[in-house]
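Here is a briefing on one protein model.

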Amino acid sequence: MHEVTDTPDSAAPSRPLAVVTGASAGIGEAIATRLAGEGFRLLLGARREDRIRQLAARLGAEARVLDVADESSVAAFCAGIDRLEVLVNNAGGARGLDRLADARSETWRWMWEVNVLGLMQMTRALLPALEASGRGHIVNVSSTAGFEVYEGGSGYTSAKHAVHAISRTLRLELAGRPIRVTEVSPGMVETDFSLNRFVGDAGRAADVYRGVTPLTAADIADVVAFAVTRPAHVNLDEIVVRPVQQASAYKLVRHG
Ligand code: 8X3
């Protein structure tokens, strides 16, 4: 069951509510911090209870433990949310950089469950609340891997291609209803993404960013904040954001 660390601010019921998944670190934490600054009430979800509680306490938000890949966890997290302005589907990640010939089913399963099924389950559960607010907004934090491919990346790129397909499909299915769908696709961002991909191999993770000024989590939060603060009739469908030194998955100019 979830743990509530704070009660949403009942004194200000008109403040819009935002749910952020994967909020305990990196881009999710930065988005949560930024949206709090923009005046949103926040309900934060993540698997790591201690970290999500600390962040929620810092932001005056509510936190609930959430594993987006687990249907019962999603149901417990979403219970009682009957009106929601913003859902940020941020939970996700990559595991490994194995070529298909060496693909490990368990890492593929994890990537598809978190990046794809998790996003579907959260969205399906919260669509009624998003519609009920009269100004719902789904922000899918995807990746340039949603439309590019690279060797060794097919487990992750195929999952993010699915996020791209889901975002486009949702826009068709929701047309005419008061729910926006924005897909944000970052290129290289320095977070613990690579450390997680390489299962704690700090040297290999650091090498990813060698000679590059990568994007920061705050850069992505900035973009998300911009998207969700546009007038309700304006939908930013797709936003691609990369470091200046990165032109594509295969064109990265390292300095030094
Ligand atoms: C991360 C971007 O290029 O490592 O989403 O797949 S990449």
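What is the volume of the largest cavity? The largest cavity has a volume of about 80 Å³. The model is predicted, so local features need pLDDT of at least 70 and side-chain atom pairs count only at pLDDT 80 or more, while totals for chains, interfaces and linings use all residues. Residues are numbered from 1 along each chain as its sequence is written, and side-chain values use heavy atoms, with hydrogens and water left out.

**Cavities**

- A cavity is a set of points, on a 1 Å grid over the protein atoms alone, where a 1.4 Å probe fits but cannot get out; lining residues have an atom within 4 Å of a point.
- Grid points are joined across faces, edges and corners, and a volume is the space filled by probe spheres set on the points.
- The count is 2 cavities of 30 Å³ or more.
- For the largest cavity, 17 residues form the lining, and Arg95, Asp98, Trp108, Met111 and Gly152 are the closest to its centre.
- Helix H4 (105-132) and helix H5 (154-174) are the elements that give two or more residues to this lining.
- Helices (H or I, at least four residues) and strands (E, at least two) are DSSP runs, numbered from the N terminus.
- The lining of the largest cavity holds 6 nonpolar, 6 polar and 5 charged residues.
- Nonpolar covers Ala, Val, Leu, Ile, Met, Phe, Trp, Tyr, Cys and Pro; charged covers Asp, Glu, Lys and Arg; the others, Gly among them, are polar.
- The second largest cavity has a volume of about 30 Å³.
- Residues lining the second largest cavity include Thr21, Val68, Asn89 and Met122.
- H4 gives the largest share of that lining, 4 residues.
- The lining of the second largest cavity has 5 nonpolar, 4 polar and no charged residues.

**Confidence**

- The average pLDDT (the predictor's confidence in each residue, from 0 to 100) is 94, and 95% of the residues score at least 70.
- Residues 1-12 stay under 50 in pLDDT, and the model has 24 contacts for them beyond four places in sequence (contact means heavy atoms within 4.5 Å).
- Where pLDDT is low, the predicted coordinates should not be read in detail.

- Glu85 sits in the loop between helix H3 (71-78) and strand S4 (86-89).
- Glu85 is buried at a relative accessible area of 4%.
- Buried means under 20% relative accessible area, exposed over 50%, and partly exposed in between, with a 1.4 Å probe and protein chains only.
- A polar atom of the Glu85 side chain lies 2.8 Å from the backbone nitrogen of Leu17.
- The side chains of Glu85 and Arg83 make a polar contact (3.3 Å).
- A polar contact is a pair of N or O atoms within 3.5 Å; within protein, one must be able to donate a hydrogen and the other to accept it, and residues adjacent in sequence count only if both atoms are side-chain atoms.
- Beyond four places in sequence, Glu85 touches residues including Pro16, Leu130 and Gly136.
- Gly136 belongs to strand S5 and is buried, with a relative accessible area of 2%.
- Gly136 and Val181 are 45 residues apart in sequence, with 8.7 Å from C-alpha to C-alpha.

- Ser142 is in the loop between strand S5 (136-141) and H5, and is buried at a relative accessible area of 5%.
- The side chain of Ser142 makes a polar contact of 3.2 Å with the side chain of Glu183.
- Beyond four places in sequence, the contacts of Ser142 include Lys160, Val163 and Pro186.
- Tyr150 is found in the loop between S5 and H5 and is partly exposed, at 22% relative accessibility.
- The side chains of Tyr150 and Arg197 are joined by a polar contact of 3.1 Å.
- Beyond four places in sequence, Tyr150 is in contact with residues including Leu97, Ala249 and Tyr250.

- Val199 has a phi near 45°, a positive value in a residue other than glycine.
- Most residues other than glycine have a negative phi.
- Val199 lies in the loop between helix H6 (193-197) and helix H7 (202-208) and is exposed, at 70% relative accessibility.
- Ser248 is in strand S8 (residues 246-248).
- A polar atom of the Ser248 side chain lies 3.0 Å from the backbone nitrogen of Tyr250.

Notes
On a 1 Å grid over the protein atoms alone, a cavity is a set of points where a 1.4 Å probe fits but cannot get out, and a pocket is an open set with protein on both sides within 12 Å along at least five of seven lines; lining residues have an atom within 4 Å of a point.
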